[in-house]
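This briefing covers aromatic contacts, charged pairs and backbone features of one structure.

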Amino acid sequence: MWTSDRMSNAKNWLGLGVSLYFWGLMDLTTLALSGSARPLTKSQEDNLSDKLLLHQRMKRSWVWNQFFVLEEYTGTDPLYVGKLHSDMDRGDGSIKYILSGEGAGIVFTIDDTTGDIHAIQRLDREERSQYTLRAQALDRRTGRPMEPESEFIIKIQDINDNEPKFLDGPYVASVPEMSPVGTSVIQVTATDADDPTYGNSARVVYSILQGQPYFSVDSRTGLIRTALMNMDREAKDYYEVIIQAKDMGGQLGGLAGTTTVNITLADVNDNPPRFPQKHYQMSVLESAPVSSTVGRVVAKDLDEGINAEMKYSFVDGDGLDAFDINTDPNYQVGIITVRKPLSFESKKSYTLKVEGTNPHLEMRFLNLGPFRDTTTVHISVEDVDEPPVFEPTFYFVEVPEDVEIGTTIQIISAEDPDVTNNSIRYSIDRSSDPGRFFYVDIATGALMTARPLDREDLSWHNITVLAVELNNPSQVGSVSVTVKVLDVNDNAPQFSRFYEAFVCENAKAGQ
């Protein structure tokens, strides 16, 4: 039979056995209900205490969730983060809380009695967005764990403390002039370091602060487009556009950043060439050599580069065979040059029609044309003092060798080609007639013999006759005269040697 003491002890163990049955402690329950039940030993008590602690840990849970704390706290007191609490903590100080892991003791501290966690440093989510820590509850008296070590996270909650920044600015862009409204120019991008997953701190809206009404910007994408028709580079070729990026979805109180976009209008061929002068007056000396420059014409084009290139040509006039025109590629001017020798006495002036044309056209601007223009060029040929000219340009004379001294063998004639028709004086270049066989009348140009001619001595004479302007001796013309001396019978036969012969005294007649 069970004694009252034994029955009371058995009841206590039975209640404990029901609790421990599911945790594999039936050995102890059986022991308590057996007829040999007796008080536990010290080792049995320790073993049972540990198993009871394990049983209690499995039943309970730590009292915490994931912690959040705002960044950029500027107060003087430590910032309260949250509380760790075990359901085994009865508030009597028997539980000691320990914190370890990232930032423990440096960034975060814990009250080992209450489990209160505080941040002791200013937190910046953009530097670090979360910390992973570990917590443990110990029996303050024995130092044994009351709970297994658990891991939890403190997340740094974002505030709007970073303005949007254009990391690639300032921007440089170009768009063709006269582009249709809505033509894409460039896309700008602002970066906000705040948390894009929390609130609107990093939701950026773009707007244009400077550059209207010429350009617009897409508030969501930052794409800049043209907003005005017929933007003319020749009127204005450069625009400084300022773009703002504002967070908080552009709402009041959002932070903003700006960037500059330097936009240049690129040239298109929308301006036809035009001659500023409809008439050019030029002059050229009649003595100008072939290919020498007479003058220049230029058609102005407000475009630039390839769109301002010109090609010049003659399209009409009476000097098409006397002059050429070429285009200077560096300065886009037309250079008129002499094509053949000129003569004031033959033609004193010419009239030419010059056309300047753009060789590179854009079809969409042909309605602004025509992309060509014409001008008239008058060229005057100026007289120069030219030397006398002989006609013909070469003389050949035959004269018998027995001609008398002073006989005129040829009349040499030269004329001044100038309008003034200056008087001419004739002479012989003595280097061509060292024997002085001839002379020429200074006024008439009559070429006469000055010494007897002997064909057998000199059968050919090549002399040069000079014609000099009386009023300008520097103007000298010359002509070659070839004189052939003809043979006459003026020499008796001569034996070439002395002949000597011998004959016998009794030679017969005819021998």
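Which residues do ring pairs link into a cluster? Ring pairs join Tyr214, Phe215 and Tyr239 into a cluster. The model is predicted, so local features need pLDDT of at least 70 and side-chain atom pairs count only at pLDDT 80 or more, while totals for chains, interfaces and linings use all residues. Residues are numbered from 1 along each chain as its sequence is written, and side-chain values use heavy atoms, with hydrogens and water left out.

**Aromatic pairs**

- Ten aromatic pairs are found in a search of the whole structure; rings of Phe, Tyr and Trp (its six-membered ring) pair if their centres lie within 6.5 Å, and planes under 30 degrees apart count as stacked, over 60 as edge-to-face and the rest as tilted.
- The pair of phenylalanine 67 and phenylalanine 152 is edge-to-face, because the ring centres are 5.5 Å apart and the planes stand at 85°.
- This pair links distant parts of the chain, with phenylalanine 67 in strand β1 (residues 67-70) and phenylalanine 152 in strand β7 (residues 150-157), 85 residues apart. Strands (E, at least two residues) are DSSP runs, numbered from the N terminus.
- Phenylalanine 67 has 9% relative accessibility and therefore counts as buried, and phenylalanine 152, at 4%, is buried as well. Buried means under 20% relative accessible area, exposed over 50%, and partly exposed in between (1.4 Å probe, protein chains only).
- Phenylalanine 215 and tyrosine 239 form an edge-to-face aromatic pair, at 5.5 Å centre to centre and with 80° between the planes.
- Here too the pair links distant parts of the chain: phenylalanine 215 belongs to strand β11 (residues 215-217) and tyrosine 239 to strand β13 (residues 238-246), 24 residues apart.
- Phenylalanine 215 counts as buried at 1% relative accessibility, and tyrosine 239 counts as buried at 6%.

**Charges over rings**

- Lysine 347 lies over the face of tyrosine 350, at 5.2 Å from the ring centre. A charge sits over a ring if NZ of Lys or CZ of Arg is within 6 Å of the ring centre and within 35 degrees of the ring normal.
- Arginine 451 lies over the face of phenylalanine 437, at 4.5 Å from the ring centre.

**Salt bridges**

- The structure holds 18 salt bridges, each being a side-chain nitrogen of Lys or Arg within 4 Å of a carboxyl oxygen of Asp or Glu.
- Lysine 347, which is placed over the ring of tyrosine 350, also forms a salt bridge with aspartate 318, with the closest N and O atoms 3.5 Å apart.
- Lysine 347 is partly exposed, with a relative accessible area of 31%, and aspartate 318 is partly exposed at 40%.
- Arginine 455 and aspartate 487 meet through their side chains in a salt bridge (3.0 Å, N to O).
- Their pair also links distant parts of the chain, with arginine 455 in the loop between β28 (446-449) and β29 (460-469) and aspartate 487 in the segment after β30 (476-486), 32 residues apart.
- Arginine 455 counts as partly exposed at 31% relative accessibility, as does aspartate 487 at 46%.
- Salt bridges that share partners join Arg233, Glu234, Asp267 and Glu304 into one network.
- Within the salt bridge of glutamate 234 and arginine 233, the closest N and O atoms are 2.8 Å apart. Glutamate 234 counts as partly exposed at 24% relative accessibility, whereas arginine 233 is buried, with a relative accessible area of 11%.

**Backbone features**

- The peptide bond from glycine 169 to proline 170 is cis, with omega near -5°; proline 170 is placed in the loop between β7 and β8 (171-176).
- A cis peptide bond also runs from glutamate 391 to proline 392, with omega near 5°, and proline 392 is in the loop between β22 (389-390) and β23 (394-400).
- Methionine 178 has a phi near 60°, a positive value in a residue other than glycine. Methionine 178 is in the loop between β8 and β9 (184-187) and counts as buried at 18% relative accessibility.
- Arginine 436 has a phi near 50°, again a positive value in a residue other than glycine. Arginine 436 lies in the loop between β26 (424-428) and β27 (438-440) and is partly exposed, with a relative accessible area of 49%.

Notes
Helix = DSSP H or I, 4+ residues; strand = E, 2+ residues; numbered from the N terminus.
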